[in-house]
Amino acid sequence: MTTTLLETAYKAIDDKKGEDIVVLNMEGVSLIADQFIICHANSGRQVQAIAKEVADKASEAGFITKRIEGMDMARWVLVDLGDVVVHVFHKDERGYYNLEKLWGDAPMLDMAEER
């Protein structure tokens, strides 16, 4: 079975204990990516660890990380994997930016069904 980029990124977040993981299907909603994954962590160090794990696991699976932004501040780290964009927030920032509401017209994907 071939693991998709979305599954690889989701599992990496889950493995590093990312919290409240939400996957938005951006197809037909945004030209930026096919899916957004949004999660948060309880500390800056955990935010960085999750972002690094996503990039590392994607690379190991043969996917390319286009860029990572925000690692220094570790408040909102964006990992651009092309078709999948991962947003890792510090728990204090997530509610402020509220991407789920901003992209409210994008349907949520249930990754439990994908497994």
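Trainee: Why is Glu-100 called buried?

Mentor: Glu-100 has a relative accessible area of 18%, and buried means under 20% (exposed is over 50%, partly exposed lies in between, with a 1.4 Å probe and protein chains only), so Glu-100 counts as buried. This is a predicted model, in which local features need pLDDT of at least 70 and side-chain atom pairs count only at pLDDT 80 or more, while totals for chains, interfaces and linings use all residues. Residues are numbered from 1 along each chain as its sequence is written, and side-chain values use heavy atoms, with hydrogens and water left out.

Trainee: Where is Glu-100 found, and which residues does Glu-100 touch?

Mentor: Glu-100 belongs to helix 4, residues 99-102, where helices (H or I, at least four residues) and strands (E, at least two) are DSSP runs numbered from the N terminus. Setting aside residues up to four places away in sequence, Glu-100 touches Val-22, Leu-24, Ile-38 and Arg-94, contact being heavy atoms within 4.5 Å.

Trainee: What makes strand 2 largely enclosed by the rest of the structure?

Mentor: Seven of the seven residues of strand 2 are buried, and therefore the strand is largely enclosed. Gln-35, Ile-37, Cys-39 and Ala-41 point one way, Phe-36, Ile-38 and His-40 point the other way, and all are buried.

Trainee: How do you know that strand 2 pairs with strand 1 and with strand 5?

Mentor: Two strands pair if DSSP finds at least two bridges between them; strand 1 and strand 2 are joined by five bridges and run antiparallel, whereas seven bridges join strand 2 to strand 5 and these run parallel. Val-23 has Ile-37 in strand 2 as its bridge partner, and Phe-36 has Val-85 in strand 5.

Trainee: Why are strand 3 and strand 6 called edge strands?

Mentor: The open sheet has six strands in the order 3-4-5-2-1-6, with mixed pairing, and strand 3 (67-69) and strand 6 (108-109) each pair on one side only.

Trainee: Which residues touch the most other members of the largest nonpolar core?

Mentor: A nonpolar core is a set of buried Ala, Val, Leu, Ile, Met, Phe, Trp, Tyr and Cys residues joined through side-chain atoms within 4.5 Å; the largest has 24 residues, of which Ile-13, Ile-37, Val-54, Leu-81 and Val-86 touch the most other members. Helix 1 gives the largest share of this core, six residues. Leaving aside neighbours within four places in sequence, Ile-13 is in contact with residues including Ile-37, Val-54 and Val-86.
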